[in-house]
Structure formats: structure tokens, C-alpha cells
Amino acid sequence: MDPDMGTGLNDSDGPLGDSTPLPLMQKQLVDLLVCLHDIAAVLPQSLVYLSEVAQPELPQESRIPVLGVMFEELSKFFTGTPATELQRALASPPSDAVSLKLLIALREVALILDELSYLQLLNLANYVPQMGASGSPFAFLTNLQELLRTWDDSDLNNLHTSISKAPLHLERKKLLAMEPNIPWEMLQLMADLLKLPLEELQNLRKLMGRLNARQLEILMRLLLLDSATLMELKRRVKVTKELGPPQGKGNPMLLASKGLDPYSDAQVALQDSEETMIDNSILDSSMLSLRIATQPARKTVYQRILRPFPSIILICHSTLPQKQPYTFFVEAALQRSDNKKTLPCQLEGTRLVRVVNGVFATFKKLKIMSTSQQLSTKFILNFSLKIYRNNAFETIPGVEVVSNTIEVFSHTLYLNRQAADDTDPTPYEIIPAEGEPGERAILLGQNFKNVSDLRVSFGDEIVSGDIHESGAIIVKIPPGSGQVEVRIGTQGKPFSEGFVTFEYLKTRNQ
């Protein structure tokens, strides 16, 4: 296992879980206390979320009072406690030192946030399953950890080179050929991770290899946060790395010593503008556009994940200027269909998904939190294109697309009217989306039943399929040509209304 990189993360299961020297530990906690106080002033709910990540077992009714005590008393505790007593308290906090235990737990969260880049966090957050969904988020991360541990830097280098050079529509097929034991539910995540800059990819492997079970649970809870909240916490939560005096422009402690709020939006924007001035006007709707590949259902239930998963594709109409690499994301927003007013509090889930030219951005965790009757309107989803640079997201003017209207019902009304449809098998995706006869493909979806007469149709050709899990069917691609619809059925019953498309590649003999 890789050695600790000095951040305080290793395999110890003690309260601190590391061997950071006491003076640095004390400074980290004091500086973190200041940082958290700044967050509380502008984003109090985000601080509550962060405390839930750190200590989910803390009763909700006690959380705000404990945070208040933490801010009020701990700064005096750190400055007024003798070193030997402080060391004992940090190594083994007294049972009644609830606020100290919370701050120590928050420090561990901060250390994990600090080691993960924005792109690493977004990739992981986009694919980790939600609580209650098929597949445990902790098991998902454990499988990822075990998979990364099987590879060394040489393996990563080879995979990174191959997947980065593969055509976008063949990435997963290439990855399956190179690593056939990768679980199907992790294919797209691994394809995206393997395209990260090689240094980031290697750092992620080392970090995941060092995380113990407790730290993996912390990472899981972080990734289950709303993506906008997660990115804001990543930007604002800072970890002190050394005891020396603050140096350099933009250092939080140096800004604070000048009477400036180092974490204010204005100050961060000023620092960014001083470092890099990039002309955003070169990108517009004449170069880029968004298209909806998969529409959400026109009728759905509030507080349930939208299905089929809305999928967006980015299309480049011309060659982009190559001054710098471009990292694009699609952001989903819920709007009223009658007046197009945005409803930021009525859409939950991962609203920011990375996309590259020609590849789907699939939103797998969106939930509408109110019914059409409650707000007297149907809804639409607005998808807009953003570019990520300088640790911030910028909207590309005019590049957006709107979904069909969505009517949202209560649970009871939906179940009464739609129960018969809920049991129908529904395919969402086929991997790969194109290939040749005789190759293996995986169908992903819901309500797949493990029956002996399971059939899959590729246009007019019908083959049998093997259930891998409740949401995956493995099939052998039959003979065919062109683009065909792939549906699921059983003997004596019609094939599913829902379908995905598959395109036959020209065989090598043609």
C-alpha cells in the first residue's frame, strides 16, 4: 500500500487516524474553525450538510447547538490549554467533548476534500448510486477501491493511453476488451476516470488505496451531496499544510490579516481575474449546441428519480480554438412550463454532469420535489452548457435545450393510474452502442425478469439473453446491418414499448 502523503490520511482507526505533529494538528483545527465560521456566515445549510457528513450519528436536534458551542468555546480551548493536556484531548477526546469530536471529524472530511480534485469529485459523484437505489453506494466505492488496487502505475498508463485515444463511442467496448472483469455498472465511470490527466489518475489510485473503511464512508456521504453543494464546499474548505507564515497572493490567512474575507465570492473572483484573464466570447451557439437524446417521461412521481434518465449530447459545429483544454458540463434546472420561471429548490440530485463532444451526459439522480397540483403547473427541464476553468463554472451563452413537459403526480395517484406500466421491462442503454455480429453486449434498464424464455430483439432478429442482475442483460449480437431497435420480451408477450438503438458496424470482410 502506498505510504501516507503527509495529509493525515492512513489506515489507523483512531480518533485522529494519523500521526500529524501536534503543532500542525492544532493549527489545522484552528484554521479550519475560522474557515467553517466563514461558511456558516454565508452558507449555513451547507455547514449543516458538512457536519452530517462528518458525524451522521449526531442527533439532528443537537447539531446546531453543538456547532454553536464549537465556534464559541474551541478557539479559547486551543489557545488556553497546555500542550500535554491538548495532546491527550486530541488523541482521546473526553466523552462529553462533543464539539471537539465534531471538529476533529470535520478535519478528516476536509483532508479528503483537499486530496480530491474538482474533476475527480464530479466524476465520482455522477456515478455513485443513491441510497435505496439498486446497489449500495458504499459497495460501489469499495469495488472501485479494489479495482484501482489491482492496477499499478504502468497499468494505469496503458489504460489511460488506450481509452484516451479510443473513439468516444467505442471507449467502453475498448475498456471491456482490455479489462473484461470490470463490473458493468462501473464501465462508464472508469472510462471517464481513465481520461483524466495521468497525474490526477495516479493520485486518485493512491488516495483510494489509502482510505480505510471509515474514510470511505465519509467519501460516500460527500458524494451523495448535491453536486453544487459539493463543489462549493470543495472551494471553501481549506486545509493548512505547513506551520510557516502565509506566503503568496490569495493565501486565506494573509487576506484575513488585511481585513478581507478570503472566502467571499468577490475576493475569489478577484484572485481568479488576477491570475488568468480568458475571453469567453470565443465560445457561442454557432460553435456548440445541445440535443436531448433521451427525454424524461411525460408523467412521473414527485420525489422519485426521473426515468428514463434524461440524456443530453453535445455537438460541436466547428473546430474549437485550442488555446487551452476545454472541460464542458451540462447543468439541469427545473422550470415552470407556463412562464419558464426557474425553481431551484424543487429539483434535487446531481444537476451537473460532465460531457464531451459526441458523448451523452446522463442525469441519473434527478428528482422533482413537488407535484404539478401543488404548484399549479407542469414542468420542463432546462439544460445549459457550462465550461469549467480556474476552479469555476462559466455559462456558454445561448447553448441550452429544453425537455418536453413533465406532469408530476402524488404517489397515490401515480400508483393507481400507472401501476400496470411499472412492471414493464424498460431498456435504457446498450453497451456498446455499435458493433459486429457475434460480439457481446450488455443491456441496462429496469424490471428485467430472470425467466427461461427471455428474448431480446435486434430489429427482426431475436436472441435469448442472460440476466446478470435485475438491471442488466448480457446478449450475443445476432446478424444484421444498419441501425436497429433493441427491445425486450418473453415468449407469448409483446416486446417492450421502450427500446434502445444499436448500429451494426461494417464487418472487416466488407
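**Helices, cores and a sheet**

Author: Start with α6, whose buried residues are Tyr118, Leu119, Gln120, Leu121, Leu122, Asn123, Leu124, Ala125, Asn126 and Tyr127. Buried means under 20% relative accessible area, exposed over 50%, partly exposed in between (1.4 Å probe, protein chains only). Helices (H or I, at least four residues) and strands (E, at least two) are DSSP runs, numbered from the N terminus.

Reader: What kind of model is this, and how are residues numbered?
Author: This is a predicted model, where local features need pLDDT of at least 70 and side-chain atom pairs count only at pLDDT 80 or more, while totals for chains, interfaces and linings use all residues. Residues are numbered from 1 along each chain as its sequence is written, and side-chain values use heavy atoms, with hydrogens and water left out.

Reader: Back to α6. How many of its residues are buried?
Author: 10 of the 10 residues in α6 (118-127) are buried.

Reader: And which strands does α6 lie across?
Author: α6 lies across β4, β6, β9 and β10, at about 105 degrees to β6. Axes are lines fitted to C-alpha atoms, for helices over the stretch in contact, and angles run from 0 to 180 degrees between N-to-C directions. Contact means heavy atoms within 4.5 Å.

Reader: What is the strand order in that sheet?
Author: The open sheet of 4 strands runs β6-β4-β9-β10, with antiparallel pairing. Two strands pair if DSSP finds at least two bridges between them. β6 (352-355) and β10 (392-402) are at the edges with a single partner strand each, so one side of each has no neighbour in the sheet. The twist averages 35 degrees from one strand to the next.

Reader: How many bridges join β4 to β9?
Author: 9 bridges join β4 (residues 328-336) to β9 (residues 379-389). Ala332, for one, has Phe383 in β9 as its bridge partner.

Reader: New topic. Which residues have the most contacts inside the largest nonpolar core?
Author: Leu144, Met190 and Leu222 do, in a core of 86 residues. A nonpolar core is a set of buried Ala, Val, Leu, Ile, Met, Phe, Trp, Tyr and Cys residues joined through side-chain atoms within 4.5 Å. Helix α5 (residues 98-115) gives the largest share, 11 residues.

Reader: Where does the other core come in?
Author: Another core, of 30 residues, lies apart from that one, and includes Val301, Phe328, Val355 and Ile396.
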